[in-house]
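Please examine the model displayed below. The paragraphs after it lead from the overall fold to particular side chains.

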Amino acid sequence: MVIAKPGLRPSCPHFSSGPCAKRPGWSLQALTDAVLGRSHRSKIGKAKLKRAIDLTREVLEVPADYRIGIVPASDTGAVEMALWSLLGARPVTVLAWESFGEGWVTDVAKQLKLKDMTVLKSGYGELPDLAKVDPATDIVFTWNGTTSGVRVPNADWIAATARG
């Protein structure tokens, strides 16, 4: 099967594979010293990560006794880091209506193996009954479900008495 090249160019040529645009003036020259096709565990990969962490600490004035984590997959990596760091002290409610929430249900149940867990699930692209969320629990949910196109409309359903 031959796939034809599109006949029209996009009106804004500043695009990428993700939701962010490349800056005006960007070129392949920006990748001259990029570590492409190498593991982050390689000597050069580790050096690049160390440099990024060192610069982050310097620019943001992060205290020396704080750890800085660089994670893959943008928000997904950050949420997973939070799951592993924050959950377990009290019961947790995990909401799922699209792929990210489903993944976090799996993380909490099968990876963290938390026993005091409630899952509120609904059909793909449909919000579960948010009134059923127990405010005494930690709550894990996808605010903007980019894979399903469904987002939580507001935070009114999170009780003012929720423990923080």
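In this predicted model, 56% of the contacts between residues at least 6 apart in sequence join residues at least 24 apart. The protein contains three helices and five strands, and from the N terminus these elements follow the order α-α-β-α-β-β-β-β. Of the 164 residues, 21% are buried. The protein exposes about 12300 Å², and carbon and sulfur atoms supply 57% of that area.

One part of the surface deserves attention. Trp26, Leu28, Leu31 and Leu36 make a nonpolar surface patch of about 420 Å². Leu31 lies in the segment before helix 1 (43-60). This leucine counts as partly exposed because its relative accessibility is 36%, a value between the limits of 20% and 50%.

The aromatic side chains come next. A pair of aromatic rings is described by the distance of the centres and the angle of the planes. The whole structure holds three aromatic pairs. In one of them, the ring centres of Phe100 and Trp104 are 6.2 Å apart and the planes meet at 40°, so the pair is tilted. Both residues belong to helix 3 (residues 99-111), where a spacing of four residues separates them by about one helical turn. Phe100 is partly exposed, at 26% relative accessible area, whereas Trp104 is buried, at 6%.

Phe141 and Trp143 also form a tilted pair, with 5.7 Å from centre to centre and 40° between the planes. Phe141 is buried because its relative accessible area is 19%, and buried means under 20%. Trp143, at 41%, counts as partly exposed. Together with Trp157, Phe141 and Trp143 form one aromatic cluster.

Key:
Residues numbered from 1 in each chain as written. Predicted model: local features only at pLDDT ≥ 70, side-chain atom pairs only at ≥ 80, totals over all residues. Heavy atoms only, no water. Patch = residues over 30% accessible without salt bridge, like charges linked within 9 Å, V, L, I, M, F, W, Y side chains within 5 Å. Areas by Shrake-Rupley, 256 points an atom, 1.4 Å probe, with all protein chains shown as cover. Salt bridge = Lys/Arg side-chain N within 4 Å of Asp/Glu carboxyl O. Helix = DSSP H or I, 4+ residues; strand = E, 2+ residues; numbered from the N terminus. Buried < 20%, exposed > 50% of the residue type's maximum accessible area, 1.4 Å probe, protein only. Contact = heavy atoms within 4.5 Å. Phe/Tyr/Trp six-rings, centres within 6.5 Å; stacked < 30°, edge-to-face > 60°.
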